Amino acid sequence: MEQRALGSQGLVVGAEGLGCMGMSAFYGATDDAESLATIDRALELGITMLDTAEGYGPYLNEELVGKAVAGRRERVVIATKTGVEFTDDGTLVGLNGRPEYIHRAVDGSLRRLGTDHIDLYYLHRVDPTVPIEESVGAMAELVAAGKVRYLGISEAAAATIRRAHAVHPLTAVQTEYSLFERGIEGDGVKAALEELGIGLVAYSPLGRGFLSGAIGSPADFADDDFRRTDPRFQGENFARNLAVVDEVRRLAAEKSATSSQLALAWVLGQGAVPIPGTKRRRYLEENAAAVAVDLSADDLAAIEAVAPRGVASGDRYAPHLMQTLNG
């Protein structure tokens, strides 16, 4: 696996990371044994960045990642997030970017992860009731204390990113980015990252699994899979988006690749570090092989023809979740 600089502050990671969220939440049944084996295999393949958050489970995913990296912490870049508060029993409280919460939350994450430092610490969502300078200022104090090495922010507007970066240099911005979701190309975010030397970490680079080509019907989802409430997986939107996936699959076949590999190769080619999420080794291995897919100018033009910016039908979240984005 190629290693690449993430941002300009000194952090180096595998060209692909591993999104661990689905191992513990949101995507149906979980299997800790297979998830741990998947993380083992990721490290064997040269994937170094494991992405988690206190809110995944909540708390369960950080505990799982902590178990996975025990005894080999030095081989792993742990990325986790704060700013979405839950009670001890897992009840959602809401967004919380207050400094006192951030200081309290990091200690919980360190304990669950079984480590004395977090490599990359994100503000998971921007709290509209707290100036971003206060939230990032508290995170900068964590860097000074040695609890955190690098800082990031997730789902933030360009103006917010600039304000945050002025308080403490950001290493990465994590946002949804894929052939299905290219909003950051038009709202100034991608341009701001390039100008400021901030790395782009792309979550849901396979459109929440749509671009894998493995989804044929909403009935494929378990009852507790959150995609049942995702507008892009409902009604006419589903049919329109499935037609796009069919075209992506066709282009991938021409290169003897899978649709997942083509979609990931495109994200890699945009300079981002994708963090496709999976809880199964076979999908991890398929995704990791995307680094070997070379896209020519003609390939990129063909992809653009079938998946231009804005091609996906439907909002990327249900309305109550759209309200949490700092767009």
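Let's start with helices H1, residues 32–44, and H9, residues 281–288, which pack at an angle of about 25° with their axes 9 Å apart. Here an axis is a line fitted to C-alpha atoms, for helices over the stretch in contact, and angles run from 0 to 180 degrees between N-to-C directions. Helices themselves are DSSP runs of H or I with at least four residues, while strands are E runs of at least two, both numbered from the N terminus.

A word on the source: this is a predicted model, where local features need pLDDT of at least 70, side-chain atom pairs count only at pLDDT 80 or more, and totals for chains, interfaces and linings use all residues. Residues are numbered from 1 along each chain as its sequence is written, and side-chain values use heavy atoms, leaving out hydrogens and water.

So who meets whom? Glu34, Ala37, Thr38, Arg41 and Ala42 of H1 are in contact (heavy atoms within 4.5 Å) with Arg281, Leu284 and Glu285 of H9.

Now on to H7, residues 235–254. After H7 comes Ser256, with a positive phi near 55°.

Last stop: Gly146, in the loop between helix H4 (132–144) and strand E9 (148–154). Leaving aside residues up to four places away in sequence, Gly146 touches Asp116 and His117.
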